[in-house]
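Here are my notes on the model you sent over.

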Amino acid sequence: MIVDQPPTPAPHEAPEDRATFGLSAFDPRPSLMAPSIAPATSAAPQVSVVVPGLNEAESLTELAQRVDQALKGRFSYELIFVDDGSTDDSWGVISRIRAENPVVKGIRLRKNFGKATALTAGFRKARGAVVVTMDADLQDDPADLPSFIAKVEEGLDVVVGWKVNRLDPANRLILSRIFNGTVRAVTGVKLHDMNCGFKAYRREVLRTIPIYGDLFRYIPALAAWQGFRVTEIPVRHHARKYGASRYGLERILRGFFDLLSVMFLTRYSKKPMHLFGLIGLVFAATGVTINAYLTFLWLLGHKIGDRPLLLLGVLMILLGIQFFSMGFIGEFLTFQMQQRHLADDPPVREEFE
């Protein structure tokens with residue numbers, strides 16, 4: 001049996017509080033920017049498999065069959081397809097699969113909003129104690145699902161797939177290695193394939209970690225920062241059978257900018273002065289040094305009023321003051337947020353009475 005299900009959100013929480021704390025991305029308590037996952041009940045399945053997809057009609061039927069083969073008779077499960085604004089017959093295929101198998105659920109978005117929105121919609125629908133995400137293109141092998149679930153049952157919170165023998169073009173392999181090496185260096189989370197869409201989560205993780213923009217690929221790093229236990233397991237990888245990959249330069253650039261966001265949020269969200277104060281100190285010290293040098297020249301009788309260096313020195317000092325001010329404002333907002341959260345539950349894993 002799967003244990004350690006997190007408590008459901010308190011029903012008395014006011015809507016005003018949800019709006020107020022919506023900007024607090026990384027609270028120790030369950031984040032209100034995170035998906036509002038369906039409450040687990042006695043009738044809830046053990047596992048929820050969430051599959052977002054865009055124009056993957058050809059692969060959905062086979063995927064549903066293989067997921068059923070992997071889980072039926074071993075775990076109670078639900079399979080949630082999220083149609084992210086497909087222009088092919090994906091929704092029709094999902095509807096037909098649902099008619100044949102009642103554990104299949106479908107969500108159709110109004111248009112293509114992106115994978116983060118699709119995942120959030122699936123997480124809101126998910127009721128299982130373990131939530132697994134996988135891509136709809138059949139490159140992930142459903143036969144690996146029991147291995148993910150077993151790891152969560154062992155006490156891990158996030159399990160990431162590692163495509164050891166990856167069957168992708170050489171350019172994608174090179175870019176992936178560069179990307180994952182950079183992520184390991186920046187986040188300190190030693191995973192071989194952070195970007196792998198095949199992952200399993202304990203429910204509590206998805207109630208705590210916010211998902212917006214393209215930050216879904218960094219959930220393991222954000223979870224590790226929150227104290228959750230993260231691991232990886234080798235998984236099988238297959239060449240794409242249908243459709244075409246949407247992996248390109250734009251996606252790489254978005255991933256890089258999101259990595260900068262993760263670095264800032266995990267390192268400085270609770271101590272903004274450490275970042276803005278340091279930058280301000282560098283600017284201010286540079287400006288003071290420049291102006292001290294010009295003052296020395298002025299004392300020696302040199303004319304400095306029309307020198308661009310004087311403007312640069314003044315500008316650097318002003319920039320330093322501005323960054324210090326940003327740091328103080330950030331610290332004030334962080335303090336206010338923590339004061340309002342004093343009554344909330346701390347991030348306790350277990351305790352003895």
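1. Ground rules. This is a predicted model, so to speak of local features the pLDDT has to be at least 70, side-chain atom pairs count only at pLDDT 80 or more, and totals for chains, interfaces and linings use all residues. Residues are numbered from 1 along each chain as its sequence is written, and side-chain values use heavy atoms, with hydrogens and water left out.

2. Overall. The protein has 11 helices and 7 strands; helices (H or I, at least four residues) and strands (E, at least two) are DSSP runs, numbered from the N terminus. Of its 353 residues, 46% count as buried. Buried means under 20% relative accessible area, exposed over 50%, and partly exposed in between, with a 1.4 Å probe and protein chains only. Among contacts between residues at least 6 apart in sequence, 80% join residues at least 24 apart, where contact means heavy atoms within 4.5 Å.

3. In what order do the 7 strands line up? They form an open sheet in the order 3-2-1-4-6-5-7, with mixed pairing; two strands pair if DSSP finds at least two bridges between them. Strand 3 (104-108) and strand 7 are the edge strands, each pairing on one side only. Neighbouring strands are turned by 20° against each other on average, direction ignored. For this and later angles, axes are lines fitted to C-alpha atoms (for helices over the stretch in contact), and angles run from 0 to 180 degrees between N-to-C directions.

4. Strand 2. Look at residues 77-83: 7 of the 7 residues in strand 2 are buried. Tyr77, Leu79, Phe81 and Asp83 point one way, Glu78, Ile80 and Val82 point the other way, and all are buried. In a regular strand the side chains alternate between the two faces of the sheet. Strand 2 pairs with strand 1 in the parallel sense over 7 bridges, and Val49 stands opposite Leu79. Strand 2 and strand 3 also run parallel, joined by 5 bridges, with Lys105 of strand 3 as the bridge partner of Ile80.

5. Helix 5. Which residues of helix 5 (145-153) are buried? Leu145, Pro146, Phe148, Ile149 and Val152 are. They cover an arc of only 160° around the axis, so they sit on the same side of helix 5; the arc is that of the directions from the helix axis to the C-beta atoms. These buried residues pack against strand 1 (47-53), helix 2 (57-71), strand 4 (130-133), strand 5 (158-163), strand 6 (199-202) and strand 7 (230-235). Just after helix 5, Gly155 takes a positive phi of about 120°.

6. Helix 2 against helix 5. The two pack at an angle of about 50°, with their axes 9 Å apart. That makes helix 2 oblique to helix 5 (angles under 35 degrees count as roughly parallel, over 145 as roughly antiparallel, 65 to 115 as roughly perpendicular and the rest as oblique). Val67, Ala70 and Leu71 of helix 2 meet Leu145, Pro146 and Ile149 of helix 5.

7. A loop residue. Arg127 lies in the loop between helix 4 (115-125) and strand 4. Arg127 is partly exposed, with a relative accessible area of 26%. Its C-alpha atom is separated by 8.0 Å from that of Gln46, 81 residues apart along the chain.
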